[in-house]
Amino acid sequence: PSSSTPLISRNYKGDVAMSEIDHFMPLLMQREEEGALTPLLSHGRVHFLWIKYSNLYLVATTLKNANASLVYSFLYKIVEVFSEYFKELEEESIRDNFVIVYELLDELMDFGFPQTTDSKILQEYITQQGNKLETGKSRVPPTVTNAVSWRSEGIKYKKNEVFIDVIESVNLLVNANGSVLLSEIVGSIKLKVFLSGMPELRLGLNDRVLFELTGRSKNKSVELEDVKFHQCVRLSRFDNDRTISFIPPDGDFELMSYRLSTQVKPLIWIESVIEKFSHSRVEIMVKAKGQFKKQSVANGVEISVPVPSDADSPRFKTSVGSAKYVPEKNTVIWSIKSFPGGKEYLMRAHFGLPSVEKEEVEGRPPIGVKFEIPYFTVSGIQVRYMKIIEKSGYQALPWVRYITQSGDYQLRTS
């Protein structure tokens, strides 16, 4: 945590003295003050590799020239596993679960080598009730000795099903004169798998590189960048012929994520006019337009408009939805339950301002937009097929859902 006393620690190799961590926080604060903070800090011969999550610092110490990317992957894996166990990973959840945290740390790594890091497998034998201690049996889960470390054998379902969610977030930054400074799509394909045995699945996408390999480049395709796969995907197959082939974990997991740096037309376009009258009142007019196809509808739209910090006595008029003033954030939030494509809506806000004239000119923060559009992807990515190889015993019909949502969606007003 932010205090300098370690909350919990585990010494795997015994080569770094436990007292070395006392140098970490003072060093971090000193570097922060100097504006020279780096992800790796050194004190004498000891290197601190650290990440910050919520109100916690997770720090790994080493004397060697260790594989830094492996160490950081492990620290982020710890965050993932603890978050799945305790819902929220923060100082309080660690304090409430010391016994389980120590059990997990013992299973996640052995003598400095990562071991079982899949929370689904860990949950088979480290349970919330700690009943591993009651039974007294040292049962090794079959996955630990198995090549497929993320799936247990002998899984059975009466009804075999696969569900696929394609979720895309749009990150956008528009400057005050309306030109797009940054636009990108970050996508994720999530699966919910209820299949018996050890099925091998193959997923086909309208991926441009694949289409060019197979001579179908005329078809509508998508150029994926920064593709990241779950460990179950056979990377050699993907490198050879772009086939996404895998034995899936049981239940929910993220199969892959990707990014597209293509120019995206802002899905919800915002125009705003702010008028100040002799420092006694301010009027804000915001116009929102849905620039996506008419058949689609954006749900849960929230437009947050910054207002001067000394504004008071708000009055609102909206052509649709409702507006509310959030004084602690100096914003007005305009909420619209459903926003069909092609529609245009208006919101007017009126605030009183204290008569004392402010010396400094306030820089206005950007307008932020949040929304979700179901049955629609901005990139045009499509799941073309999901095949189950060598499984004639059952027919699993995948069900696909497409969703576009706002990521970091900001429109500058000044």
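Predicted model: local features only at pLDDT ≥ 70, side-chain atom pairs only at ≥ 80, totals over all residues.

User: Where is Val369 found, and is it buried or exposed?

Analyst: Val369 belongs to strand β19, residues 367-374. It is buried, with a relative accessible area of 2%.

User: How far apart are Val369 and Tyr409 in sequence and in space?

Analyst: They are 40 residues apart in sequence, while their C-alpha atoms are 5.6 Å apart.

User: And what is Ile268 in contact with?

Analyst: Leaving aside neighbours within four places in sequence, Ile268 is in contact with Ala288, Lys289, Phe292, Ala298, Val301, Val369, Phe371 and Tyr409. Ile268 is also among the residues with the most contacts inside the largest nonpolar core, together with Leu191, Ile244, Phe246 and Ile303.

User: Let us turn to the protein as a whole. How many helices and strands are there, and what percentage of residues count as buried?

Analyst: The protein has 8 helices and 21 strands. Of its 414 residues, 43% count as buried. Among contacts between residues at least 6 apart in sequence, 69% join residues at least 24 apart.

User: Now helix α1. Which of its residues are buried?

Analyst: Phe24, Met25, Leu27 and Leu28 are buried in α1, which spans residues 24-34. Seen down the helix axis, the buried residues of α1 fall within an arc of 160°, so they line one face of the helix.

User: What covers them?

Analyst: The cover for the buried residues of α1 includes β1 (40-43), β2 (46-53) and β3 (56-62). Just after α1, Gly35 takes a positive phi of about 70°.

User: What about Asn206: where does it lie, and is it buried or exposed?

Analyst: Asn206 lies in the loop between β8 (200-205) and α7 (208-213). Asn206 is buried, with a relative accessible area of 1%.

User: Which backbone nitrogen does the Asn206 side chain reach?

Analyst: It reaches the backbone nitrogen of Gln382, at 2.7 Å. Not counting residues up to four places away in sequence, Asn206 touches several others, among them Phe211, Lys220, Gly380 and Arg384.

User: On to charges. How many salt bridges does the count come to?

Analyst: The count comes to 15 salt bridges. In one of them, the side chains of Arg234 and Glu200 meet at 3.3 Å, N to O. Arg234 lies in the loop between β9 (225-229) and α8 (235-241) and Glu200 in strand β8, so this pair ties together parts that are 34 residues apart in sequence.

User: Are Arg234 and Glu200 buried or partly exposed?

Analyst: Arg234 counts as partly exposed at 32% relative accessibility. Glu200, at 16%, counts as buried because the cut-off for buried is under 20%.

User: Which salt bridge does Lys77 form?

Analyst: Lys77 forms a salt bridge with Glu80, and the closest N and O atoms are 3.3 Å apart. Both residues lie in helix α2 (residues 68-86), 3 residues apart, which is about one turn of the helix. Lys77 counts as partly exposed at 24% relative accessibility, and Glu80 counts as partly exposed at 40%.

Technical notes
Residues numbered from 1 in each chain as written. Heavy atoms only, no water. Buried < 20%, exposed > 50% of the residue type's maximum accessible area, 1.4 Å probe, protein only. Helix = DSSP H or I, 4+ residues; strand = E, 2+ residues; numbered from the N terminus. Arc of directions from axis to C-beta. Contact = heavy atoms within 4.5 Å. Polar contact = N/O pair within 3.5 Å; in protein donor to acceptor, adjacent residues only side chain to side chain. Core = buried A, V, L, I, M, F, W, Y, C linked by side-chain atoms within 4.5 Å. Salt bridge = Lys/Arg side-chain N within 4 Å of Asp/Glu carboxyl O.
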